[in-house]
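Here is a short briefing to read alongside the structure. Have the viewer open, and we can walk through it topic by topic.

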Amino acid sequence: MDKLINRRSVGKKSMVSSGKEKASQIGIDILNRGGNAIDAAVAVGFAMGVCEPATSGLGGGGFMTIVTPFIDEPIFIDFRESAPEMACPHMWEIGSDGKVVNKENAIGAKSVSVPGEVAGMIYALEKYGTMRLNDVMQPSIKLAEEGVVVTKMMEQMLKQYAKYLKRYEDSSRIFLRNNKYYKAGEIFRNLDLAKSLREISLGGKDRFYNGEIADSIIKTIGDNGGIMTRKDLEEYEVEL
């Protein structure tokens, strides 16, 4: 497969489908370089975090189902986020209206779960892929550096959550420009994400869950009232 086609198309040898053209093209390129379906899926997964930061990314998680004629039974990999060890029902203040005050269960440091995407993607690649992590991640690193075109959906998401992004220095700096949200058609570059992706591509899972990235995650969460610890990150495990 060497080109993008519409949703009604079929592939004789292979096919890549995702929510973003750029991400799908990265998967196609991986297949054209001799990678297998898992190599392509992992490459697309990291790319989606660049293209759709509101719905995917290093701070999230997911599932992967693998069905192949070379394995007797379907394989299901669970790398969804998990609650921090200190999480409890009383960690949020409930207002007189019965709702969580300031939406802290959905917005801010107390809403953050232990991320599983990096662990899950790398597990799948090492177990069932054929390419090196650095090779499948390079396209996403380049995409984050060069930028993606802001879609109408991304503009609407940024507009909707701008007031929350403005609460924190880093989220405001990264996702807003001059304190205003990006408009459709503009180019959005995320050099911070590119740096993190590069670190992971070189150091693997440990660089995210045990290294400087982990330090930065825990410091940011702690500075803003969250409860996640280094132990939560270090002990995260993919479930099968």
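Is Asn179 buried, partly exposed or exposed? With a relative accessible area of 41%, Asn179 counts as partly exposed. Please keep in mind that this is a predicted model, and that local features are taken from parts with pLDDT of at least 70.

**Backbone angles worth a look**

- Asn179 sits in the loop between β4 (176–177) and β5 (180–181).
- The phi of Asn179 is positive, at about 70°, although the residue is not a glycine.
- Asn102 also has a positive phi, here about 60°, and Asn102 is not a glycine either.
- The place of Asn102 is in the loop between β2 and α3.
- As background for both cases, most residues other than glycine have a negative phi.

**Two glycines in loops**

- Gly116 belongs to the loop between β2 and α3.
- Gly116 counts as buried because its relative accessibility is 0%, and the cut-off for buried is under 20%.
- Beyond its neighbours within four places in sequence, Gly116 is in contact with Gly60, Gly61, Phe79, Tyr209 and Tyr236.
- Gly129 is found in the loop between α3 and α4 (133–146).
- The relative accessible area of Gly129 is 22%, so Gly129 is partly exposed.
- With neighbours within four places in sequence left aside, the contacts of Gly129 are Asn36, Ile38, Asp39 and Ala124.
- Gly129 and Glu104 are 25 residues apart in sequence, and their C-alpha atoms lie 39 Å apart in space.

**A buried glutamate**

- Glu155 is part of helix α5, which spans residues 152–165.
- Glu155 has 11% relative accessibility and therefore counts as buried.
- Apart from neighbours within four places in sequence, Glu155 touches Val150, Tyr181, Tyr182, Lys183 and Ala184, in the sense of being in contact with them.

**A patch of positive charge**

- Which residues gather in a patch of positive charge on the surface? They are Lys99, Lys103, Lys163 and Arg167.
- Among them, Lys99 lies in the loop between β2 (75–79) and α3 (117–128).
- Lys99 counts as exposed because its relative accessibility is 58%, and the cut-off for exposed is over 50%.

**Salt bridges**

- How many salt bridges does the structure hold? The count is 14.
- One of them joins the side chains of Arg198 and Glu145, with an N to O distance of 2.3 Å.
- Arg198 is in helix α7 (residues 191–203) and Glu145 in helix α4, so this pair ties together parts that are 53 residues apart in sequence.
- Arg198 is partly exposed at 32% relative accessibility, and Glu145 is partly exposed at 33%.
- Glu199 and Arg207 form a salt bridge too, and their closest N and O atoms are 2.7 Å apart.
- Glu199 counts as partly exposed, with 27% relative accessibility, and Arg207 also counts as partly exposed, with 31%.
- A further salt bridge links the side chains of Arg230 and Asp215 at 2.2 Å, N to O.
- Since Arg230 lies in helix α10 (residues 230–234) and Asp215 in helix α9 (residues 212–223), this pair ties together parts that are 15 residues apart in sequence.
- Arg230 is partly exposed, with a relative accessible area of 24%, and Asp215 is partly exposed, with a relative accessible area of 41%.

How values were computed: Residues are numbered from 1 along each chain as its sequence is written. This is a predicted model: local features need pLDDT of at least 70, side-chain atom pairs count only at pLDDT 80 or more; totals for chains, interfaces and linings use all residues. Side-chain values use heavy atoms; hydrogens and water are left out. Patches are made of residues with over 30% relative accessible area and no salt bridge: like charges are joined within 9 Å, nonpolar side chains (Val, Leu, Ile, Met, Phe, Trp, Tyr) within 5 Å. Accessible areas come from the Shrake-Rupley method with a 1.4 Å probe; for residues, only the protein chains shown count as cover. A salt bridge is a side-chain nitrogen of Lys or Arg within 4 Å of a carboxyl oxygen of Asp or Glu. Lys and Arg count as positive and Asp and Glu as negative; His and the chain ends are not counted. The place of a charge is taken as NZ of Lys, CZ of Arg, CG of Asp or CD of Glu. Helices (H or I, at least four residues) and strands (E, at least two) are DSSP runs, numbered from the N terminus. Buried means under 20% relative accessible area, exposed over 50%, partly exposed in between (1.4 Å probe, protein chains only). Contact means heavy atoms within 4.5 Å.
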